[in-house]
Amino acid sequence: MARSRPAPPQSLPVFRASDIVATDGANMGDSLSFASELLLDDIYELPYGIEPARLSIQTRTDNSFCVAPDTDVGTPQAALHLDCALTFMSPDGGMHDALLLVEVDENGDVADIYLLPLTTITGSIEYRLVGIDTETARQKFAQVACVSFTRGTHITLSSGAQRLIEDLQVGDRILTRDDGVQPIRWIGQTTVRALGEFAPIKIHAGALNNENDLIVSPDHRLFIYQRSDKVGAGRSELLIKARHLVNGYTVTVMDGGFVDYFQLLFDSHQIIYAEGIAAETMLIDPRTKPVLPQDLAFAMDDIIPGHSDLPHAGLDVSENLLNHPDAAELLRKASGH
């Protein structure tokens, strides 16, 4: 059986719940809190000028969550619990989904509470609480954690031919970088508002020597082979999150409207070719497993033993190394012929 390791940390934008205060309703004057203390129709407001901080989350060996070392808020290694999913309505009738995360100290006491907005939440706007859900929070969190391609993406088959991702079927044979030809085990599809953490990243044609545009989820990792080490990573093979390449012109955020996301699952974590760019496929871990159909999730240990990205361990590049006016251009030149 293949060995497995925890998935790489995920950095998410959060607000401290203590900054979000009820301005009207039964809890008026109180900060946002646990699901058990919240009441529908209360109105909450975030003060003007408060920006979200990055909370880095990782999975422990016992499948629980904790704060990762590279976090901007929270105490590294402190336990994190997913409390509930919340839905707010803004004055214009717009719906805003969010998740509530609770940080717990070593004594089991609450250290902090965070709101992870799944759509944009703006200061000085009153949001009415219209939904409190303790049942599907895991599924919504899993959707954020999944790496996804968008409708219209061309995937390279075993024959070298290109096929649109929405036309693929389970069992189709796909060319992988490390394991030759592999069949697709499962294909997921979700349609979400292209806002906040769900707004896709567009790698424009030519940005990474790609012939066509590639549009992926923000934390989707792209595989780059450097012929010369332009970013100072100390190695030629790199995995880089799409969000870390955004520069406003050759790599952009597609914010607004709706987006169709597709997840491709293989017997192990793979690097495949999408629009000519080497990109990762779905990795099953405690964060992402809830998106699977119940029968497949139940059978995972039999069907996909030790689902792992060990072949790609240690290839992640930190955002600090990509702190360059145009990291995408740097990598394009480093990987060019």
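Visitor: What's the count of helices and strands in the protein?
Guide: The protein has three helices and 23 strands. Keep in mind that the model is predicted.

Visitor: How many residues, and what share count as buried?
Guide: The protein has 337 residues, and 49% of them count as buried.

Visitor: And the accessible surface, what does that come to?
Guide: About 15100 Å², with 48% of that belonging to carbon and sulfur atoms.

Visitor: Of contacts between residues at least 6 apart in sequence, what percentage join residues at least 24 apart?
Guide: That figure is 64% for the protein.

Visitor: On to the inside. Which residues have the most contacts in the largest nonpolar core?
Guide: Phe149, Ile203, Leu245 and Leu264 have the most contacts inside that core, which has 30 residues.

Visitor: What does leucine 245 touch?
Guide: Not counting residues up to four places away in sequence, leucine 245 touches Leu208, Leu222, Ile240, Val251, Ala327, Ala328 and Leu331.

Visitor: Switching topic. How many aromatic pairs are there?
Guide: The structure holds two. In one of them, the ring centres of tyrosine 44 and phenylalanine 88 are 6.4 Å apart and the planes are at 80°, so the pair is edge-to-face.

Visitor: Where do tyrosine 44 and phenylalanine 88 lie?
Guide: Tyrosine 44 is in strand E3 (residues 43–45) and phenylalanine 88 in strand E6 (residues 79–89), so the pair ties together parts that are 44 residues apart in sequence. Both tyrosine 44 and phenylalanine 88 are buried.

Visitor: And the other pair, which residues form it?
Guide: Phenylalanine 65 and phenylalanine 141 form an edge-to-face pair, 5.5 Å centre to centre with 75° between the planes. Because phenylalanine 65 lies in strand E5 (residues 65–67) and phenylalanine 141 in helix H1 (residues 137–145), this pair ties together parts that are 76 residues apart in sequence.

Visitor: Is phenylalanine 65 buried or exposed?
Guide: Phenylalanine 65 counts as buried because its relative accessibility is 4%, under the 20% cut-off. Phenylalanine 141 is buried as well, with a relative accessible area of 2%.

Visitor: Cysteines next. How many disulfides?
Guide: Searching the whole structure finds zero disulfides. Cysteine 66 is buried at 0% relative accessibility, and cysteine 84 is buried with a relative accessible area of 0%.

Visitor: Last one, serine 33. Where is its place?
Guide: Serine 33 is in the loop between strand E2 (21–24) and E3. With a relative accessible area of 11%, serine 33 is buried.

Visitor: Which side chain does serine 33 have a polar contact with?
Guide: The side chain of glutamate 37, through a polar contact of 2.7 Å. Leaving aside neighbours within four places in sequence, serine 33 is in contact with Leu38, Leu100 and Ile113.

Definitions and conventions:
Residues numbered from 1 in each chain as written. Predicted model: local features only at pLDDT ≥ 70, side-chain atom pairs only at ≥ 80, totals over all residues. Heavy atoms only, no water. Phe/Tyr/Trp six-rings, centres within 6.5 Å; stacked < 30°, edge-to-face > 60°. Helix = DSSP H or I, 4+ residues; strand = E, 2+ residues; numbered from the N terminus. Buried < 20%, exposed > 50% of the residue type's maximum accessible area, 1.4 Å probe, protein only. Core = buried A, V, L, I, M, F, W, Y, C linked by side-chain atoms within 4.5 Å. Contact = heavy atoms within 4.5 Å. Areas by Shrake-Rupley, 256 points an atom, 1.4 Å probe, with all protein chains shown as cover. Disulfide = S-S within 2.5 Å. Polar contact = N/O pair within 3.5 Å; in protein donor to acceptor, adjacent residues only side chain to side chain.
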